[in-house]
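Have the viewer open and follow along.

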Number of protein chains: 2
Amino acid sequence: MSKILRINTKEKSYDIQDAQGDLASLGGRALTSRIVLNEVPATCHPLSKHNKLIVAPGLLSGTAAANSGRLSVGAKSPLTGGIKESNAGGLVSQKLGRLGIKAIVLEDKPENNAFSLVVIKKDSVEILPADEYVGLGNAETMKRLWEVYGKRVGVMSIGPAGEQRLTAACINLADTNGRPGRAAGRGGLGAVMGSKRIKAIVVDDGGTDKVPLADPEAFKAANRRWVEILNSHPVTGQALPTYGTAVLINIINEAGALPTKNFRFGRFEHAQDISGEHVTELIEKRGGKTKEGCHPGCVINCSNVYHDKDGKYLTSGFEYETIWALGADTTIKEIDDVAMLDRLCDDIGLDTIETGVTLGVAMEGGLIPWGDGKAAIDLVKKVATGEPIGKIIGNGAVFTGQALGVDRIPIVKRQALPAYDPRSVKGVGVTYSTSPMGADHTSGYAVAPNILKVGGDVDPLKKEGNVELSKNLQIATAAIDSAGLCLFVAFAVLDTEDGVQTIVDMLNAQYGLSLTPDDVIKLGISILKDEHEFNSRAGFTKVHDRLPDFFKEPLPPHNTTWDFTEEELQPAKHFD
Amino acid sequence: MSKILRINTKEKSYDIQDAQGDLASLGGRALTSRIVLNEVPATCHPLSKHNKLIVAPGLLSGTAAANSGRLSVGAKSPLTGGIKESNAGGLVSQKLGRLGIKAIVLEDKPENNAFSLVVIKKDSVEILPADEYVGLGNAETMKRLWEVYGKRVGVMSIGPAGEQRLTAACINLADTNGRPGRAAGRGGLGAVMGSKRIKAIVVDDGGTDKVPLADPEAFKAANRRWVEILNSHPVTGQALPTYGTAVLINIINEAGALPTKNFRFGRFEHAQDISGEHVTELIEKRGGKTKEGCHPGCVINCSNVYHDKDGKYLTSGFEYETIWALGADTTIKEIDDVAMLDRLCDDIGLDTIETGVTLGVAMEGGLIPWGDGKAAIDLVKKVATGEPIGKIIGNGAVFTGQALGVDRIPIVKRQALPAYDPRSVKGVGVTYSTSPMGADHTSGYAVAPNILKVGGDVDPLKKEGNVELSKNLQIATAAIDSAGLCLFVAFAVLDTEDGVQTIVDMLNAQYGLSLTPDDVIKLGISILKDEHEFNSRAGFTKVHDRLPDFFKEPLPPHNTTWDFTEEELQPAKHFD
């Protein structure tokens, strides 16, 4: 896997070359962030021709390594103004891996508004007019592309939100059923793809050989151990496969950390109605699937397919963060309304976290009533039609707050906070504050040691130990995101002595290297350094490493406050 | 003049105390910026209870000193996120001076949405329900307040834009005819007043004595010389009184610096249609007034009253920046449409510069056609009704650009550029870039030496000398803004040997001081230091001292580009 495919979206031309220099050894997030740092002027407008959208499979993607099919997408974020890597499942990552493509780089931008479709095959790259797909939701787009290109292809596309270049727009990836249940959700990367006027990218690995392995036997052995590690851990082997990620609703609610009514409370009185247990029960009753991988080769299978009360498909990839954002944060307790909102977000191409928090802000501003699922559904539908109110909602929480004159907006670096209140999960609060990505749980999931007591035990309600914890998790996560591994492997890796070594063994066997676990740490650090450097050039300072003032209010039930100073947080960003 | 009136907008209570410590000697912008620096947390949300709105007359305001009736309004800006001082004429400044009130400070914010009216008299301060005025435009609000409180009172109020807390909202001041022709326009201060739920402030100086003077004879002599200086300069004595500020349309167009069609060209083919000469001709034909002061005691009288083709009042304070923004930048050439847009902005309470540039961005995004005055009028009217598209437009250029996915947005620190293209008036480009206020011509009007050859002669098309020029002008301006003097006095002061000394003579005679011109420079520097310090605490770095990338495109007719690096600009902000 050694080639970089650069597509000039203005000229509709492309160039494919072996990766050179420092890019040759990088994959996934390490590669997207390095290219953004090296090639995108940090001060450019994110929707201008100067920005680039980079799509990169992880280093292990395309091999048989379990859970290695995550795709990294990077750019300067139109939402945060900083660097962004957002990753997702789907089929694209492994197919790019098998095609030997390390990265697709979308460059420049067209002078008119016509959209194109990129089709990548073993021996061809085509940039075709996409007029027939313009205005379609992701579901119909993906359906038609599978009809035209066959059900083996990977598809990533944008919906009406991305077409309109709205900053809550994500890039959706077709799941194994060809539905838009997967998303490179955060940071408005769909708007960048929209600014390049690329409606969809189709990746067909037909005719390719297996990914070459330097030592196939060693790789096989390491992967066997890898699967064993994942299957034997209670979180990755049992909890997630059984109830999906929404198993966390009851757990986080119990911990008093489920942000409710725009981060006013840590518990939601209707948590049971939107819990993973309830979702699983409904799926079992109505049909659908309780277990599904977000990409082929996944052994955790934490995803799902959710049907409505008539037993018809309603949505898929109905995850914890989504259910929280569209449910507890808005106080919408009808799970079918929450599922419909998820379906709409996937189809229109909106980040569910940003959208849920935005709906909370809209309720705060009196635009629709608290907890009114039907009103929320009507509002989100207006994003697709391009009405002004839809453009407001589709630009996220800060934007909607500004439109409505609301000053209670839970964001860091203009990105909405995810599903853990930082006052009662302080480790993840440190991640929100200091991650180069803005408020993002995935970039240093301190919830594990804080609440789940996986990979350590650090008190979630106190400051002690949480800065160091978040820092170490941010480093490990950056490395995992570069391998193309699903973040959830960390639960098992953190609790297993040879966890990191097993990942290293797979990398060494694939590439003929002799890396050590220390090298993995070094890789993680170098990625974060790249990302902080970009943000610094873009004008970010420690002042931006902060939660809004209202997090100084005590959060029931623990009545803890966010009490870190900016200075106390800085060590999480210093690596020397 | 020694008292500070603090109003708690939550409790509807007030407190009036002698100014203490460093505040005692300050006035106008020096005072608003010092209070903002000392009392407003730089990282707070500008619409939160932590922000304060400070209203301060200048040091000379209330005396007979010519042109000393400008009012400073300060806060953390909801538009830029940095410190803001915006100043305006009207009647309030001199009346506060005569009441001995150095500053009104609006603090905290109400828990409900009910608006109040503040009425300040010689012996009373009342905070009254304002329900009957809510939703009214500034024109009707001011008319009713004059009916209730008499035609002698000063009024400052917000329109529907400020009520909605939109970030292009200004605070309007009733002019000598009781109309909303004056405005503390820039930086969205109307939204801060709206967040405090104060619809209007009425200032009645009935029963007050004259402002005490330490040496009345010396003051009289200095003021006599002061009037002489203003009357004898060709700009303040002839050009401005004859044609108003719009005399600049032809001059700046001729200089190739009149930003046209969202800053694409330096000349507007229909400049003549919107020129000061044409406006004057129409006023003379239709009735109205070609000469009018923005406050009593003005001897320049650059303002006007503009009638429609039927001879009925249409607008007033129909100034160069307004005509450019709503005219050339949008390519609207019908002057009566431009006048109607000005009237609407004044009534709704929108900054005309921000709104004109926003309309240009809306045209860039295809929302309405270029040059379509009627469509622009319909759009601006929607700000008053609170429709979503109105909320978009009323939040300014960056916001509208984000809503529409436009990346050509002429701003610095999120504030729209005024009426001089920085590529062909490089001195003012330095001011736009480095002023703590964001893009603002008034904070260092290098147009004077660059184009008008007043107060020096620095080539507008080259870099040489323009950083130093802008820096010196920014220092002088800060001091002028503290005295309560109109900025236009600078034309005469810069060209007159005893200009600064005469201002110092008035201050010394009023306060019994022995200041020197050097002290004025020191004051200007200390103000800028306060402001840069606040912005630094708010997270601004040199990265924010830059013009958008598209200013690297050559600007016809001179085909010059913006070619300063951030490093080259920094000396304009360093004072030691």
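Please keep in mind that the model is a predicted one.

**The sheet in chain B**

The pair belongs to an open, antiparallel sheet of three strands in chain B, ordered 13-14-15. Its edges are strand 13 (288-292) and strand 15 (313-316) of chain B, each of which pairs on one side only. On average, neighbouring strands in this sheet are turned by 15° against each other, direction ignored. A helix joins the picture here: helix 11 (residues 335-348) of chain B packs on the sheet and touches strand 14 and strand 15 of chain B. The direction of helix 11 of chain B makes about 70° with that of strand 15 of chain B.

**The sheet in chain A**

Over in chain A, have a look at the open sheet of six strands, which follow the order 8-7-12-9-10-11 with mixed pairing. Which strands form its edges? They are strand 8 (124-129) and strand 11 (182-184) of chain A, and each pairs on one side only. Between neighbouring strands of this sheet the average turn is 20°, direction ignored. A parallel example is the pairing of strand 7 (residues 116-121) with strand 12 (residues 198-203) of chain A, over five bridges. There, Leu117(A) stands opposite Ala200(A) of strand 12 of chain A.

| Helix pair (chain A) | Angle between axes | Axis separation |
|---|---|---|
| Helix 6 (residues 216-232) and helix 20 (residues 499-511) | roughly 155° | within 8 Å |
| Helix 18 (residues 466-483) and helix 21 (residues 517-537) | about 95° | 7 Å |

The angle of roughly 155° between helix 6 and helix 20 of chain A is over 145 degrees, so these two helices count as roughly antiparallel. Their crossing is left-handed. Helix 6 of chain A contributes residues including Phe219(A), Arg225(A) and Trp226(A) to the contact, while helix 20 of chain A brings, among others, Thr502(A), Asp505(A) and Met506(A). By class, this contact has seven nonpolar, four polar and two charged residues.

For helix 18 and helix 21 of chain A, the angle of about 95° falls in the range of 65 to 115 degrees, so the two are roughly perpendicular. Among the residues in contact are Ile475(A), Ala479(A) and Ser482(A) from helix 18 of chain A, and Val520(A), Gly524(A) and Leu528(A) from helix 21 of chain A. How do the residues of this contact divide by class? There are 10 nonpolar, three polar and no charged residues.

**How the two chains relate**

Finally, step back to view both chains.

Note on methods
Residues numbered from 1 in each chain as written. Chains lettered and ligands numbered in written order. Predicted model: local features only at pLDDT ≥ 70, side-chain atom pairs only at ≥ 80, totals over all residues. Pairing = 2+ DSSP bridges. Helix = DSSP H or I, 4+ residues; strand = E, 2+ residues; numbered from the N terminus. Axes fitted to C-alpha atoms, helices over the stretch in contact; angles between N-to-C directions. Contact = placed C-beta atoms within 7 Å. Parallel < 35°, antiparallel > 145°, perpendicular 65-115°, else oblique. Left-handed = near helix turned anticlockwise from the far one by under 90°. Nonpolar A, V, L, I, M, F, W, Y, C, P; charged D, E, K, R; others polar.
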